[in-house]
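Biologist: I have a model open and would like to learn how to read it, one feature at a time. Could you walk me through it?

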Amino acid sequence: MASVQDQLEIKFRLTDGSDIGPKNFPAATSVATLKESILAQWPKEKDNGPRTVKDVKLISAGKILENNRTVGECRSPLCDIPGGVTTMHVVVQPPSVDKEKKATTQPKQNKCVCVIL
């Protein structure tokens, strides 16, 4: 059984200031698993929610967390307050449909300029 020190209490702050959680996670939990938890708990009444894990970015202590790392690896020494709740900020990336449309409708034109002095 995991000890209390191996558990982190984390809440997720959304861009509108509302929170998901707090909830306890083992230190061995991957960031990708946290993102899946956010997707499952995302408030249904909120517009522009994430569709996939790739749409979600988690920020903790000013750093964007990578999916393949664990919560324990990403833990900040400042967050190690006994009984404290760690707040991670959630940023949802909008779909990049506009960029894809622009790339397909307007082919790139190579421009080369030579100046002889």
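Biologist: Let's start with valine 115: is it buried or exposed?

Modeller: The cut-offs come first: buried means under 20% relative accessible area, exposed over 50%, and partly exposed in between, with a 1.4 Å probe and protein chains only. Valine 115 has 65% relative accessibility, so it counts as exposed. You'll find valine 115 in the segment after helix H3 (97-105); helices (H or I, at least four residues) and strands (E, at least two) are DSSP runs, numbered from the N terminus. Bear in mind that this is a predicted model, where local features need pLDDT of at least 70 and side-chain atom pairs count only at pLDDT 80 or more, while totals for chains, interfaces and linings use all residues. Residues are numbered from 1 along each chain as its sequence is written, and side-chain values use heavy atoms, with hydrogens and water left out.

Biologist: Which residues form the nonpolar patch on the surface?

Modeller: Val113, Val115 and Leu117, with about 430 Å² of accessible area together. Areas come from the Shrake-Rupley method with a 1.4 Å probe, and for residues only the protein chains shown count as cover. Like charges are joined within 9 Å, nonpolar side chains (Val, Leu, Ile, Met, Phe, Trp, Tyr) within 5 Å.

Biologist: Now the sheet. In what order do the five strands lie?

Modeller: Two strands pair if DSSP finds at least two bridges between them. Here the order is E2-E1-E5-E3-E4, an open sheet with mixed pairing. E2 and strand E4 (63-64) are the edges, each pairing on one side only. E1 and E5 are parallel, over five bridges, and phenylalanine 12 has methionine 88 in E5 as its bridge partner. E3 runs antiparallel to E5, joined by four bridges; lysine 57 stands opposite valine 91 in E5.

Biologist: What do the buried residues of H1 pack against?

Modeller: For H1 (residues 31-41), the buried ones are Val31, Ala32, Leu34, Lys35, Ser37 and Ile38. They pack against strands E1 (7-13), E2 (19-26), E3 (56-60) and E5 (85-92), plus helix H2 (71-74). Contact means heavy atoms within 4.5 Å. Leaving aside neighbours within four places in sequence, leucine 34 is in contact with Ile10, Phe12, Phe25, Thr29, Leu58, Val71 and Met88.

Biologist: And why does serine 37 count as buried?

Modeller: Because its relative accessibility is 11%. Serine 37 is in contact with Lys23 and Phe25, again leaving aside neighbours within four places in sequence.

Biologist: How many residues does the largest nonpolar core have?

Modeller: A nonpolar core is a set of buried Ala, Val, Leu, Ile, Met, Phe, Trp, Tyr and Cys residues joined through side-chain atoms within 4.5 Å. The largest has 17 residues, and those with the most contacts inside it are Ile10, Phe12, Leu34, Ile38, Leu58, Met88 and Val90. E1, E2, H1, E3, H2 and E5 each supply at least two residues of this core.

Technical notes: Patches are made of residues with over 30% relative accessible area and no salt bridge: like charges are joined within 9 Å, nonpolar side chains (Val, Leu, Ile, Met, Phe, Trp, Tyr) within 5 Å. A salt bridge is a side-chain nitrogen of Lys or Arg within 4 Å of a carboxyl oxygen of Asp or Glu.
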